[in-house]
Amino acid sequence: MINFKRIKSAILSSVVAATSVAGTFSVTAPSLNAAAATDDYAKLLQYSLYLYDANMCGSEVGEKCGITWRDDCHTDDEVQGGFHDAGDHAMFGLPQGYTASSLGWGYYEFKDAFDATGQTEHLKMITDHFCDFFKRSTKLSGDSVSKFLYQKGDGNEDHKYWGPPEKQGSGRKMFWTSGGASDIAADYAAALALNYINFGDAEDLKYAEALYKFSTQHNSVATDGPNGFYKSSGYQDEQANAAGWLYIATNNEKYKNDCASKQVEYIGWVDGWDNRGLGAACVYAHITGNWGKVNNYIGGKASSSNYLFMDKWGSARLNTTMQFCALAATKNSNADYTDWAKGQMDYITGSNPANTCFVIGFAGNSAKNPHHRAASGYQSYGEFNGEAHPQAISPNGHSLVGALVGGPTDAGGSYRDDMNDYVCNEVAIDYNAGFVGASAGLYHFFKSGKTVSSIEGVDKIYSGGGTTPPAGTTAPSNPGVTTTKPTTKPSPSQTTTPVGGDITLLPSDMDVDVEKGDDGEMNNYAEFSPQGAKSVTLYYTVKSNDTESSGAFGTWNGEWVQEDFKVNVKNGKVEVSYDVPSDVGQTIKAMVFWPHGDDVTIDKVVLHKGGSSSAGTTSKTTSKTTSKTTSKTTSKTTSKTTSKPTTPSGNGEIVLLPSDMDVDVEKGDDGEMNNYAEFNPKGAKKATLYYTVKSNDTESSGAFGTWNGEWVQEDFKVNVKNGKVEVSYDIPSDVGQTVKAMIFWPHGDSVEIEKVVLSGASSAGTTKPTTKPTTKPTTKPTTTKPTTTQPQPSNPGSTTTTVTLYGDANCDGRVTIADATAILQHVGNTDKYGLSAQGLANADVSGNGDGVTAADATTIQRIDAGEIKASDLPIR
């Protein structure tokens with residue numbers, strides 16, 4: 001669940017595979033200290049919504065759409081409405097539901113921004129169009145769903161066409177289910193619930209509850225249709241998110257309990273179509289008033305002034321969505337990410353190495369050539385694949401106003417404005433979803449800019465000024481329940497403390513709880529992001545008659561570093577300070593060992609940006625150690641974790657039990673059910689996997705992998721001793737958000753994962769991975785059982801030519817995106833671009849010997865997207 005890179009069979013030109021005359025810009029870790037490209041957040045919000053007009057579908061486009069070059073399309077679809085996914089015209093359920101709910105959440109958070117800039121009418125038109133489509137897609141029997149439509153159009157068939165949607169033709173496939181697609185049903189439910197919360201249509205709530213009920217009854221994901229495009233990794237995160245919004249809509253405790261129970265333990269990625277963990281955590285924070293978990297995650301991401309680069313696929317999308325989530329946390333807690341978000345948006349709108357604004361039409365230096373059929377102006381593949389393989393839209397093309405392109409493909413800012421580059425210049429409805437929320441959030445805090453009255457290619461202007469701040473910021477009207485949130489909020493340049501640049505964190509801003517130590521006592525703690533502070537002060541109340549108290553501050557920076565304290569209690573109050581180390585980890589954990597439990601109430605933590613706090617009432621004694629041993633006044637020992645993992649004493653290790661990780665089985669490429677454990681490395685240098693083999697096998701194989709912008713995997717093969725296996729992995733310095741330990745043989749019920757131990761120093765462990773295969777990108781790491789290289793049999797579709805290399809359609813000895821292009825050109829115009837006999841034999845890589853079709857190009861593009869490897873070909 002760490003990566004939701006888009007897996008799409010986008011239609012490319014062969015120029016992508018080789019070279020481009022368009023320049024590629026690259027520098028190392030660009031700083032965001034350049035002058036702001038713009039702070040016209042009113043105009044930015046105004047523009048950000050028009051992508052949805054351009055991608056609108058159905059018989060109401062001509063009536064609703066504000067774009068001059070769009071009209072009704074796909075009017076013979078069994079179910080009317082919805083929005084085209086990206087530059088194509090299929091409609092996939094996960095991005096439809098995610099986008100609609102994210103847009104609704106943006107309005108819920110920043111209603112004042114939409115109202116002040118005159119964008120509420122436009123936003124409501126868009127979310128109503130989504131929700132009307134969701135309701136038409138749902139067949140009710142009483143208050144239950146009998147079936148619902150989770151996808152319109154087959155992706156492979158859709159990608160055989162290049163041209164405007166109005167001319168695409170008829171007969172698109174409809175994907176219905178009466179017992180599955182729980183993730184999509186939950187996303188639809190969240191969108192409908194939010195539309196009810198925002199605008200009060202009772203029918204929206206009726207369908208939302210029915211779809212949520214359907215989702216939780218069936219608990220499975222759809223594979224027929226989405227796979228190869230939007231492969232789902234689960235459904236509980238979508239259900240948690242939907243349950244939270246349903247609780248806010250209804251005040252029904254069942255939904256609150258569901259939201260809590262279905263939460264992911266560790267937030268591993270920004271909110272998006274495949275991972276709603278952060279979104280679910282945010283709505284649950286709205287319910288409880290405790291934003292500590294959210295701030296712990298966002299604080300780690302927003303700690304640098306450099307461009308936040310999370311993945312090459314839609315890096316601008318991920319960045320702006322993180323901005324949106326950070327601004328929502330800023331609005332509802334005492335964290336302040338406004339300057340960070342502003343700096344990131346400066347980069348997006350032009351202060352970057354490419355000197356390009358990644359929002360089309362917004363600025364003079366905006367990107368101009370999105371990978372988008374309708375905007376391109378080309379009427380067919382014949383035109384699109386013209387002899388020059390155009391990098392730019394046609395002279396008859398259109399400006400895709402307000403669309404956020406994919407953006408830089410690496411942390412250095414590499415980008416090219418090339419229509420054929422479907423990574424840099426991909427556009428999609430989910431790309432703009434978080435961008436809309438970020439634009440509204442920035443206007444909410446800075447109230448800068450003004451909407452415009454004339455936009456190229458737009459004949460319906462939504463405008464409300466924007467230079468005058470609204471009379472006051474009020475929470476959105478809520479027909480169900482009032483959520484817990486602060487009644488006042490500091491301005492972007494202020495904190496809750498009046499002097500010294502201090503930030504005060506209340507319990508609602510931190511992860512404050514009790515946990516059982518090694519001695520069995522329930523110890524109190526507060527975990528929080530240091531946010532660049534140089535020192536912190538913990539304040540707590542002691543309710544017992546104790547005159548002394550003890551505890552510790554600790555942080556994980558690759559090893560556990562802890563400072564113990566012992567202080568006097570004065571009138572039931574304790575104040576103790578801690579100098580934050582320069583190599584502090586993502587969070588600090590303040591722990592109270594004595595007294596504990598109900599005898600202690602943590603009041604607040606103050607972060608001091610300017611240095612150590614003044615000498616106060618504390619008489620602190622510290623003992624810095626790299627172990628996780630903590631001393632109390634009674635000389636007892638307790639454990640500390642950054643979340644829940646337990647630890648052995650005195651060795652600087654963190655022990656992750658199955659309950660602390662994502663431990664499950666999943667189907668590998670060979671069809672077998674392989675075991676895996678996915679976990680946060682927490683800055684460790686080495687991970688050791690322990691598991692039991694219940695079969696009589698004497699050898700076991702598997703791999704460790706991580707996604708750091710590409711999939712990097714180390715395979716292992718080890719001996720089984722008395723049914724036990726212990727295998728170690730040196731964690732790379734560029735490790736991603738999580739590490740996935742996978743067991744390929746034995747598998748299923750024959751294997752039981754016992755634990756993973758994280759340690760601070762690499763060493764020659766009991767076993768070292770024996771091979772390191774080539775890089776393998778994936779959407780979500782999937783297991784692949786190591787196999788020997790397959791022989792290349794003759795092509796079932798050819799009786800005369802033997803396959804030399806599956807996928808090598810252009811016969812250059814490699815399998816690249818150029819082969820997918822060659823296949824598409826062959827399919828589109830055989831007379832002009834026909835493959836050779838050898839190319840035809842090599843190209844038939846999917847289906848059951850059905851000859852060369854666009855599906856073969858899609859399969860090869862899945863290699864470029866990282867879902868499969870070239871060695872997996874053919875896919876039968």
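Strand S9 (residues 548-556) and strand S12 (residues 588-594) run antiparallel and are joined by 5 bridges. Strands here are DSSP runs of E with at least two residues, and helices are runs of H or I with at least four, numbered from the N terminus. Two strands count as paired if DSSP finds at least two bridges between them. Phe553 has Ala590 of S12 as its bridge partner. The model is predicted: local features need pLDDT of at least 70, side-chain atom pairs count only at pLDDT 80 or more, and totals for chains, interfaces and linings use all residues. Residues are numbered from 1 along each chain as its sequence is written, and side-chain values use heavy atoms, without hydrogens and water.

S9 also pairs with strand S10 (residues 560-568). These two strands run antiparallel, with 9 bridges between them. Gly554 stands opposite Gln562 in S10. The two strands form a hairpin with 3 residues between them. In the turn, Gly558 has a positive phi of about 115°.

An open sheet of 4 strands has the order S5-S13-S8-S11, with antiparallel pairing. Its edge strands are S5 (502-505) and S11 (573-579), and each pairs on one side only. The twist averages 20° from one strand to the next. S5 is joined to strand S13 (residues 600-608) by 4 bridges. Thr504 has Val606 of S13 as its bridge partner.

Helix H9 (residues 202-218) packs against helix H10 (residues 236-250) at an angle of about 145°, with the axes 11 Å apart. Axes are lines fitted to C-alpha atoms over the stretch in contact, and angles run from 0 to 180 degrees between N-to-C directions. Contact means heavy atoms within 4.5 Å. Among the contact residues are Leu205 and Tyr212 of H9 and Ala242 and Leu246 of H10.

Nonpolar side chains tend to be buried together in soluble globular proteins. A nonpolar core is a set of buried Ala, Val, Leu, Ile, Met, Phe, Trp, Tyr and Cys residues joined through side-chain atoms within 4.5 Å. The largest such core has 141 residues, of which Tyr52, Phe148, Trp245 and Ile298 touch the most other members. Helix H8 (residues 182-199) gives the most to this core, with 12 residues. Another core, of 31 residues, lies apart from it and includes Trp556 and Leu689.

Note on methods:
Buried < 20%, exposed > 50% of the residue type's maximum accessible area, 1.4 Å probe, protein only.
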